[in-house]
Amino acid sequence: MAPPRSRTICLIPSRSCCGFFIFAMPKFETKLCTRAELKSRVAALPQPVVLTNGVFDILHRGHVTYLAQAREQGAALVVAVNTDASVKRLGKGDDRPINTCADRMAVLAALEAVSLVVEFDEDTALEVVQEAQPGVYVKGGDYQMDAIPEGQAVLAYGGQVVAIPFAHDRSTSKLLDKVRQGS
Ligand SMILES: Nc1ncnc2c1ncn2[C@@H]1O[C@H](COP(=O)(O)OP(=O)(O)OP(=O)(O)O)[C@@H](O)[C@H]1O
Ligand SMILES: O=P(O)(O)O[C@@H]1O[C@H]([C@H](O)CO)[C@@H](O)[C@H](O)[C@@H]1O
């Protein structure tokens, strides 16, 4: 099934002679997927599908390197993003997330490496993995794949799990510390 195409048209009053500029929604927004659509949208992607999940609050070089390498593990990359409520429960800080889930999803969808973006409100992405059944499940090298529920589920149905080593010493938390210290 072909992915639904966003065709929202935005009319902006202008001073041009015909009176309006016309802006279509950017194409990357077609990569945003509801949870209800997830299974069918994943089935329509080139296989094998790689899936990863995370917060991706303030996107940095470590993230984009990681996502490009995750995409290389298969033919398409799905990113499941923690909702704002589920980020709060992860305890990264009272002021986190800095960026809303809708904004974090849009930024990820605009990346070339990313094929589909979906949100999840659970504490882990276990249910997302069970619904999407990706051929490959990826996390960063800070996780032990057979010790997390998503990794265990993928291994149980015969999928592959890959931990990608950190290529750059970057994190959203470190960036925020830098900004707060003014250095
Ligand atoms: N520097 C990095 N190199 C490689 N992978 C990374 C890096 N930073 C994060 N990741 C991976 O990206 C995914 C999302 O990570 P996350 O949003 O927690 O990043 P973070 O910047 O470390 O955030 P925070 O500082 O808020 O914990 C995770 O799978 C994580 O392992
Ligand atoms: O961006 P993070 O903090 O790496 O993302 C978390 O990953 C957890 C991991 O998959 C182990 O279960 C997940 O449970 C959590 O909801 C965040 O997505």
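Helices (DSSP runs of H or I, at least four residues) and strands (DSSP runs of E, at least two) are numbered from the N terminus. The legends below concern a predicted model, in which local features need pLDDT of at least 70, side-chain atom pairs count only at pLDDT 80 or more, and totals for chains, interfaces and linings use all residues. Residues are numbered from 1 along each chain as its sequence is written, while chains are lettered from A and ligands numbered from 1 in the order in which they are written.

**View 1. The chain as a whole contains 7 helices and 8 strands.** Of its 183 residues, 30% count as buried, a residue being buried if 20 or more other C-beta atoms, placed from the backbone, lie within 10 Å of its own. Contacts are pairs of residues whose C-beta atoms, placed from the backbone, lie within 7 Å. Among contacts between residues at least 6 apart in sequence, 72% join residues at least 24 apart.

**View 2. Six strands form an open sheet in the order β3-β6-β5-β4-β7-β8, with parallel pairing.** β3 (32–33) and β8 (160–164) stand at the edges with a single partner strand each, so one side of each is left without a neighbour in the sheet. Two strands are said to pair if DSSP finds at least two bridges between them.

**View 3. Strand β4 (residues 49–54) pairs in the parallel sense with β7 (residues 136–140) over 2 bridges.** V50 has V136 of β7 as its bridge partner, and L51 stands opposite Y137 in β7. β4 also runs parallel to β5 (residues 76–82), to which 6 bridges join it; here G54 stands opposite V81. Because 5 of the 6 residues of β4 are buried, this strand is largely enclosed by the rest of the structure.

**View 4. β4, α2 and β5 make a right-handed β-α-β unit.** Right-handed means that, with the strands pointing away from the viewer, the path from the first strand over the helix to the second runs clockwise.

View 5. A residue is near a molecule if its C-beta atom, placed from the backbone, lies within 6 Å of it. Ala, Val, Leu, Ile, Met, Phe, Trp, Tyr, Cys and Pro count as nonpolar, Asp, Glu, Lys and Arg as charged, and the others, Gly among them, as polar.

**View 6. The residues around ligand 2 include N53, G54, V55, N82 and D123.** β4 and α6 (149–156) each supply at least two residues of this shell. The shell has 4 nonpolar, 5 polar and 3 charged residues.

**View 7. Helix α7 has 1 buried residue among its 10, so α7 lies largely in the open.** Just after α7, G182 takes a positive phi of about 70°.

**View 8. UniProt, in an unreviewed entry, places the feature "domain: Cytidyltransferase-like" at residues 51–156.** Over residues 51–156 the chain is 40% helix and 20% strand, and the end C-alpha atoms of this stretch are 16 Å apart.

Methods: UniProt positions renumbered as here; feature names shortened; annotations may be inferred. Buried ≥ 20, exposed ≤ 12 C-beta atoms within 10 Å, placed from the backbone. Contact = placed C-beta atoms within 7 Å.
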